[in-house]
Amino acid sequence: MSYVVEMKKITKVFPGIIANDDIDFHLKKGEIHVLLGENGAGKTTLMNILYGLYQPTSGEICINGEVVNIKDPNMAIQHGIGMVHQHFMLIKPFTVAENIILGNEPVTHKGIQLDMKKAIQNVERISKEFGLKVDATAKIQDLSVGIQQRVEILKALYRGADILILDEPTAVLTPQEIDELGIIIRKLADEGKSIILITHKLKEVMAMSDRVTVIRRGKMINSLDTKTTNTDDLAEMMVGRKVKMEVDKQNKESGEVIFSVKGLKVKDNRGLDAVKGVDFDVRAGEVLSIAGVDGNGQTELIEAITGLREIVSGQVHLDGIDIKNFTTREIMKSGVSHIPEDRHKRGLVLENSLAENMILGYHHQMPFSKNGIINYEKVHEHAKILIKEFDVRTPDENVKAGSLSGGNQQKAIIAREMYKNPRLLIAAQPTRGLDVGSIEFVHKKIIESRDNNQAVLLVSLELDEVMNLADRIAVIYDGKIMDTIDAKDASEKQLGILMAGGDRKVSANMNSKGMSHDEK
Amino acid sequence: MRSDIKRVAVQLWLTLRFPLVSIVAGLLVGAILILIAGKSPIIAYTALFQGSFGGVDKIGETLFKMTPILLTGLSFSIAFRTGLFNIGGEGQFLAGAITAIITGWFFQDLPHLILILIMLISAIIAGGAWASIAGILKAKMGIHEVITTIMLNYTALYLVNYIVRAVMNPQILMGTKAEAHTVSLPDVARLTKLKDVFEIFGRSSVHTGIFIAIGCALFMYFILFKTTVGYELRAGGLSPDAAEYGGIKKSKNIIMAMGISGGLAGLAGAVNVMGITYYVAQSSTTPGYGFDGIAVGLVGGLHPIGNIASSFLFGILSNGARRMQLEGIPKEVIAIIQGVIIVFIASQYIIKIVYKKKKEKEIKREKLRAEQGNEGEVQ
């Protein structure tokens, strides 16, 4: 069997640490190969070596059987290696075609003028060739994230990539877009392209790949055919211990209504209606989950009920008190905790110390401050307690919050928000971008909150998470709640149809007939 | 307490390491220029430091030079830390200066200390109010503070010129002939010169304003790092969205930060007028202390204590320049050294990128180490 890429005994030593320890990695032609590992396991380092961003300390790389020395990304591209980064490198006001040809522009016969017509033709040609539908003249800023990713892939293909590295390609995608991506890369593989996916999501490994190589703490653990394994085994290889994928959740009678929203209307940043009359209740001791595809008003809904966005009309009650006109501070004070969807932007002041972040939102309250003077002794004490209780992995409480790993940042936020012992816990996409170990922890904590008789409002794009944690599921589509169903009675298909805006009766029917949602 | 001191020291080192590199670079470039001019850099810099340190009176003069720019440096730093680029220090400085003249003149029958206090406070309020115009415009209507503060500089300049001619002119208040400046502050409204108390200060102009300025630096350190106000200002500057999430009102933060910043610049104006000039003169340009404050603030790493160091450095440079001139070295060399330092500071992100790369590696290393340390451990 010949390999297109052979990385042999790759070791990469950073001062004081071995990031890659004697790793062998082989990629066959036309296969989809997942590089699986937790954050910080060394998978990105390995791919950066292949892409020429790092030089290995020892070991060699063969491309199509020839030993090569890849000194920089330009050489990688010459060897037919293309990389799609997690954060897209696109120029937003430019069109698709302009972005794709950037750095390799076709010119007119006079050789000075950009031949835009030819550029568009070229783009359309490769777009057709690989079945990646895009509008070459559309501007990037008008495209959805999924399409933008397609443009990134096209960019690599345009440069003649035969080996595509996709770094965490699904992190930014909705469930539908993930499915589409799966179809696209399968097609590319069928065309003879070889694809490496970097990920830590097990479901995708099973759904998308032919083979999988697991890396843990810089070492290669195993390399095997996807068919011969399952998520539980992969999780164990990845984390190094048994991981529970399902959450332990006892049946529980929910109590009185704690939080209720009626006829809520909210506008988005552009002044368009984003939430168009939403009603729901959350009871004590239950998890109500708002499921839906990203961009259907979830962000605006959460911001409105936490006082971060103006409410156009409607009612919001907490414990029977109207909190519609409360400020964020007043809402927090009345017993609402909020795990925000964007921990970097909202949840933490990254440049501030962990200790200072641990009091964000109640820094003005006793015992942390008195008469406007902060008692930093108490603040540090408090941070130490939270770090211990919520197992935040950090050297100490003085490090900048931004220097922690994503999982530990999220733990810090959850610690801060849950320690308040809130009446209502709002968790917006609490596990976005986290690894298996951290997801397990977050899920445990959310259920703990519910079992402590708090009301929990969970907003998530991950259907698995919703099905796992929720007692009731409200599906949001285009700013409206399509239906609210008991989690016990919900099926993935039925939710999928509702999430796509399908009629609730039809969805129920379809569900009973067992039709797949592709046929809607 | 000891750990507190240690933390401040570490903080200072972290914020000052770029400025220190820049200062060394500035002096090196200066040395090259002096060489090109055919002089000895050693003689030049010896003169520079003798001019600034060669005796208590020389040090006194250095302290005198640093007084107003320490205050305007603090003014700039506080705003910048809150995410606001206040380049209206000039206008706020003028607002404070003219207000001190007005209150000092009209309340001159009050006892010295009370009068001084009233003058300082009124100047703080005037500078703060002047800056708050920009603050409110930014908070309520989203108008960028760079635009408004720049324009308010000119508004202040011409308004002050008008007051100089038509309100506070000796011709109007004392019936003497018209002057291109306001009435002079009476003795009771002036800050004490240190040389009047301690002979050792010789002929230097240093006045009690230096204590006010250093006091302000310490006070601002306290405000920024020990109070909820400072916590909110810093959070708002570093991450407006996270601050909002934490129940901190953006608009309140902006107005408050501009108010404090303007107050400090206004105080600088008052201290300058009460300590040395005693009157405000009609002028076609703004005084420049506000702009110097930007350099002082940046070189001082936007840290209140760092500002003391950086304003002292600028004091040394501008004071030592005269002595250097006596050695036949053009004083413009000093301006160039200052310029180079500022350029280096402004481009410190180049150094920062290097540090950041290094740090990223460190973080990666730490992460891996943590993971390895936890091997086999069950949560």
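**Ground rules**

I number residues from 1 along each chain as its sequence is written, and I letter chains from A and number ligands from 1 in the order in which they are written. Because the model is predicted, I ask for pLDDT of at least 70 for local features and count side-chain atom pairs only at pLDDT 80 or more, while totals for chains, interfaces and linings use all residues, and side-chain values use heavy atoms, with hydrogens and water left out.

**Entry: chain B as a whole**

I looked up the make-up of chain B. It has 16 helices and zero strands. Helices here are DSSP runs of H or I with at least four residues, strands are runs of E with at least two, and both are numbered from the N terminus.

How many of the 379 residues of chain B count as buried? The share is 50%. Buried means under 20% relative accessible area, exposed means over 50%, and partly exposed lies in between, using a 1.4 Å probe and protein chains only.

Chain B exposes about 17200 Å², and carbon and sulfur atoms supply 68% of it. The areas come from the Shrake-Rupley method with a 1.4 Å probe; for residues, only the protein chains shown count as cover.

Contacts came next. Of those in chain B between residues at least 6 apart in sequence, 76% join residues at least 24 apart. A contact means heavy atoms within 4.5 Å.

**Entry: one glycine in chain B**

I picked B:Gly127, in helix H5 (residues 112–141) of chain B. Is B:Gly127 buried or exposed? It counts as buried, at 0% relative accessibility. Leaving out residues up to four places away in sequence, B:Gly127 touches B:Gln92, B:Ala95, B:Gly262, B:Gly263 and B:Gly266. I also checked B:Thr277, which is 150 residues from B:Gly127 along the chain. Their C-alpha atoms are separated by 18 Å.

**Entry: aromatic pairs**

Rings of Phe, Tyr and Trp (its six-membered ring) pair if their centres lie within 6.5 Å; planes under 30 degrees apart count as stacked, over 60 as edge-to-face and the rest as tilted. By this rule I get 10 aromatic pairs over all chains.

One of them is A:Phe259 with A:Phe280. Their ring centres are 6.3 Å apart and their planes are at 50°, so the pair is tilted. A:Phe259 lies in strand E11 (residues 257–267) of chain A and A:Phe280 in strand E12 (residues 273–283) of chain A, so the pair ties together parts 21 residues apart in sequence. A:Phe259 is buried at 1% relative accessible area. A:Phe280 is buried too, at 6%.

Next I took B:Phe49 and B:Phe53. Their ring centres are 6.2 Å apart and their planes are at 10°, so this pair is stacked. Both sit in helix H2 (residues 41–53) of chain B; being four residues apart, they are separated by about one helical turn. B:Phe49 is partly exposed at 35% relative accessibility, and B:Phe53 is partly exposed at 33%. With B:Phe312 they form one aromatic cluster.

**Entry: charges over rings**

A charge sits over a ring if NZ of Lys or CZ of Arg is within 6 Å of the ring centre and within 35 degrees of the ring normal. Which ring does A:Lys445 lie over? It is A:Phe390, with 4.6 Å to the ring centre. In chain B, B:Arg190 lies over the face of B:Tyr278, at 3.7 Å from the ring centre.

**Entry: a pocket**

I looked up the lining of the second largest pocket. A pocket is an open set of points on a 1 Å grid over the protein atoms alone, where a 1.4 Å probe fits, with protein on both sides within 12 Å along at least five of seven lines; lining residues have an atom within 4 Å of a point. This pocket is lined by 21 residues. B:Lys65, B:Asp292, B:Phe314, B:Ser318 and B:Gln338 lie nearest its centre. The largest share of the lining, five residues, comes from H15(B).

**Entry: backbone**

Most residues other than glycine have a negative phi, and most peptide bonds are trans. I looked for departures. A cis peptide bond joins A:Met366 and A:Pro367, with omega about 0°. A:Asp22, in strand E2 (residues 17–28) of chain A, has a positive phi near 60°.
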